[in-house]
Amino acid sequence: MNPLLATLGTRLTERWLNLLVLPGALFLGVASVGVTLGHRHWHDLDRLRTTVDDLATRPALDRTGTAVLLAAGVLLAATAASLAAQYLAGVIELYWLRFARDPLSHALVDRRRRAWLRRDEEFREALRRTTVTDPGEGDTVTAPPHEVARLDALAAARDRVALLEPTRPTWYGDRMQAAAERVRAVHGVDLAALWPRLWLILAEPAGREIRSARDSFGAAARLASWAVGYALLAVWWWPAALIAVGCAAAARSRARNALDALADLIEAAVDVHGLELASRIGLVGTDSPGPLDHGTGNRMSELFRKAG
């Protein structure tokens, strides 16, 4: 066999096992335990052991064909469960990144905006009360270390709500919105119009880092979808709720870290390669100094949006 085809087949098999079979098989195992034990006997290991022994002693399982069909059925069921989880993960991603278009989303935006404004006011009030010491080198204004630490803590508390004043129902949507707003403020460019073109010229190291962050965000969404599945199992077996809570907490943490990294990488790509893209499409010369300026950014946005 061609070594390349053999390697490709091995990798595809590994991905199939890791992404589809193993998570689905784990879910089916927990579901089987839950349906067998139920709420009343949730911790009865003897009951579970007896059920497994009864199944193992059935004559039909001694036949090779039956065993093969059973194994194939388990693999297919595990794969189907994982495919359903992947579809749900796509829905969760859209939900996390959605705009406010319904009354509930608008209510969430208002609640998050009030929290952000309250924490921003606390930060600004602390900043006004900060004791300013003598200017240091370069006329840099300094303050006592304990007051600087308090300002950092207040700024971090505000940023946990959103980096800028919230306009979307979730932190995830606001983080990507903040990236677009900051790129527009610094470079005067529409990130949504710029990004597909910029992606085409990125070198492999940069593209690999961005894809890795994007894949991590997708993996967190898949974990959140499994949390939904285990929450449904809790209807029959309440310990599944603990698994659901653990999956949801891990998914939230991973999704925030991954999306924060992704947004930072996107901003960095514009900072580093924005002027290169402008030179490639002929808006500036190849030897133009400095970062991408507002004028060039505005012209790029008009060109990429196909504005008339």
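**View 1. Contacts and fold of the whole protein.** Among contacts (heavy atoms within 4.5 Å) in the protein between residues at least 6 apart in sequence, 69% join residues at least 24 apart. This is a predicted model, in which local features need pLDDT of at least 70, side-chain atom pairs count only at pLDDT 80 or more, and totals for chains, interfaces and linings use all residues. Residues are numbered from 1 along each chain as its sequence is written, and side-chain values use heavy atoms, with hydrogens and water left out. You will find 10 helices and zero strands; these are DSSP runs numbered from the N terminus (helices: H or I, at least four residues; strands: E, at least two).

**View 2. The largest nonpolar core.** A nonpolar core is a set of buried Ala, Val, Leu, Ile, Met, Phe, Trp, Tyr and Cys residues joined through side-chain atoms within 4.5 Å, where buried means under 20% relative accessible area (1.4 Å probe, protein chains only). Of the 52 residues here, Trp96, Leu194, Trp195, Leu198 and Tyr230 touch the most other members. Among the helices that give two or more residues are H1 (3–37), H3 (64–96), H8 (204–233) and H9 (239–280). H9 gives the most, with 14 residues.

**View 3. The surroundings of Trp96.** Which residues does Trp96 touch, not counting residues up to four places away in sequence? They are Thr170, Tyr172, Gly173, Phe217, Ala220, Ala221, Ala224 and Ala255.

**View 4. A second, separate core.** Five residues make up this core, including Ala126, Leu151, Leu154 and Ala155. For the protein as a whole, buried residues make up 34% of the 308 residues.

Definitions and conventions: Buried means under 20% relative accessible area, exposed over 50%, partly exposed in between (1.4 Å probe, protein chains only).
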